[in-house]
Amino acid sequence: MPTDVYAAIADPTRRGILDLLAEDGRSVTELAAPFHMTRPAVSQHLRVLREAGLVSERRAGRRRIYQLAPDGLREVDLWLSSYRRFWHTKLAALGEYLAETDGQD
Amino acid sequence: MARTESAIRTETFYPYPPARVWRALTDPVALAAWLMPNDFQPVLGHRFTFRTEPVPPYFDGVVHCEVLELDSPRTLAYSWRGMAGMDTVVRWELTGTTRDGVAGTLLVGVHSGFDLTDPAQLGGFRSMSGGWGGAMVSALDTVLATIEREE
């Protein structure tokens with residue numbers, strides 16, 4: 001059963017981890033330092049993020065690097081993209097309105 | 001917040017002075033022409049609604065708003081509540097500027113507060129489809145397309 005994506009990002013530390021990973025892939029050790037957390041605590045957060053499909057891992061030699069999973073936050077993007085399209089249509093309508101009423105006021 | 005940020009930002013240039021764009025944003029008749037029918041008044045704290053066709057069961061056709069900022073002809077903000085629990089803010093900033101030698105107004109819009117970590121918004125949003133995926137997106141698109149078609 002995959003972890004709920006919004007339960008996963010409800011935690012501020014996990015949002016912070018996602019923001020760091022958005023810059024570049026990192027190891028558990030590299031993630032632990034900025035949050036002043038133990039490696040097991042970071043691993044626990046990473047497990048939640050991985051089960052939610054937000055983070056994936058790859059091996060680099062003996063190290064495990066965690067990175068953002070490209071499609072993880074797509075659902076949030078879908079919600080926003082509907083509104084983005086709405087406003088672009090409306091702002092185009094505003095342009096037409098301004099052109100049509102030019103010189104009337 | 002790089003990836004978890006939840007706002008929409010638009011930047012649009014109009015070849016008209018800020019005072020004219022401001023009127024189109026704050027005159028209820030003008031607003032109805034390009035956005036939606038409304039009872040907006042340019043008064044700080046004024047509560048008003050935008051109204052459009054309901055799309056049952058997702059949307060009763062009413063967006064509830066309150067004027068939060070009003071600084072003519074520069075800044076306008078109002079809350080934007082409706083459509084299944086969403087509790088957001090729409091903010092406009094107008095700046096007189098010149099683009100390609102044409103004087104006009106840069107209109108920056110920020111629609112912020114989309115927060116699916118807020119249980120109320122998440123619950124409302126999920127109720128639109130009973131789950132994630134294509135059904136939810138098409139339901140939302142139906143709602144917004146209905147508003148777009150409004151004259």
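## Close-up views of a predicted two-chain model

**View 1. The open sheet of chain B.** In this predicted model, six strands of chain B form an open sheet in the order S1-S6-S5-S4-S3-S2, with antiparallel pairing. S1 and strand S2 (47–51) of chain B are the edge strands, each pairing on one side only. From one strand to the next the twist averages 25 degrees. Strands are DSSP runs of E with at least two residues, helices are runs of H or I with at least four residues, and both are numbered from the N terminus; two strands pair if DSSP finds at least two bridges between them. Residues are numbered from 1 along each chain as its sequence is written, chains are lettered from A and ligands numbered from 1 in the order in which they are written. Local features need pLDDT of at least 70 and side-chain atom pairs count only at pLDDT 80 or more, whereas totals for chains, interfaces and linings use all residues; side-chain values use heavy atoms, with hydrogens and water left out.

**View 2. Strand S6 of chain B and its two partners.** Strand S1 (residues 8–14) of chain B pairs with strand S6 (residues 102–112) of chain B in the antiparallel sense over seven bridges; here Arg9(B) has Val110(B) as its bridge partner. Strand S5 (residues 86–99) of chain B is joined to S6(B) by eleven bridges, and these two strands also run antiparallel. Within S6(B), Val102(B) stands opposite Arg99(B), and Ala103(B) is the bridge partner of Thr98(B). The hairpin of S5(B) and S6(B) has two residues between the strands, and Asp100(B) takes a positive phi near 50 degrees there.

**View 3. Helix H1 across the sheet.** Helix H1 (residues 18–26) of chain B lies across S1, strand S3 (62–71), strand S4 (75–82), S5 and S6 of chain B. H1(B) runs at about 160 degrees to S5(B); axes are lines fitted to C-alpha atoms, for helices over the stretch in contact, and angles run from 0 to 180 degrees between N-to-C directions.

**View 4. The largest nonpolar core.** This core holds 35 residues, of which Leu94(A), Leu25(B), Trp34(B), Phe50(B), Tyr78(B), Trp80(B) and Trp92(B) touch the most other members. A nonpolar core is a set of buried Ala, Val, Leu, Ile, Met, Phe, Trp, Tyr and Cys residues joined through side-chain atoms within 4.5 Å. At least two residues each come from helix H5 (74–100) of chain A and, in chain B, from S1, H1, helix H2 (28–34), S2, S3, S4 and S5. H5(A) gives the most, with eight residues. Beyond its neighbours within four places in sequence, Leu94(A) is in contact (heavy atoms within 4.5 Å) with Tyr14(B), Ala24(B), Leu25(B), Trp34(B) and Leu107(B).

**View 5. A second core and Val28 of chain A.** A separate core of 18 residues includes Ile17(A), Leu18(A), Val28(A) and Val55(A). Val28(A) lies in helix H3 (residues 28–35) of chain A and counts as buried because its relative accessibility is 8%; buried means under 20% relative accessible area, exposed over 50% and partly exposed in between, with a 1.4 Å probe and protein chains only. Not counting residues up to four places away in sequence, Val28(A) touches Arg39(A), Val42(A), Ser43(A), Leu46(A), Arg64(A) and Tyr66(A). Val28(A) and Arg39(A) are eleven residues apart in sequence, and their C-alpha atoms are 6.2 Å apart.
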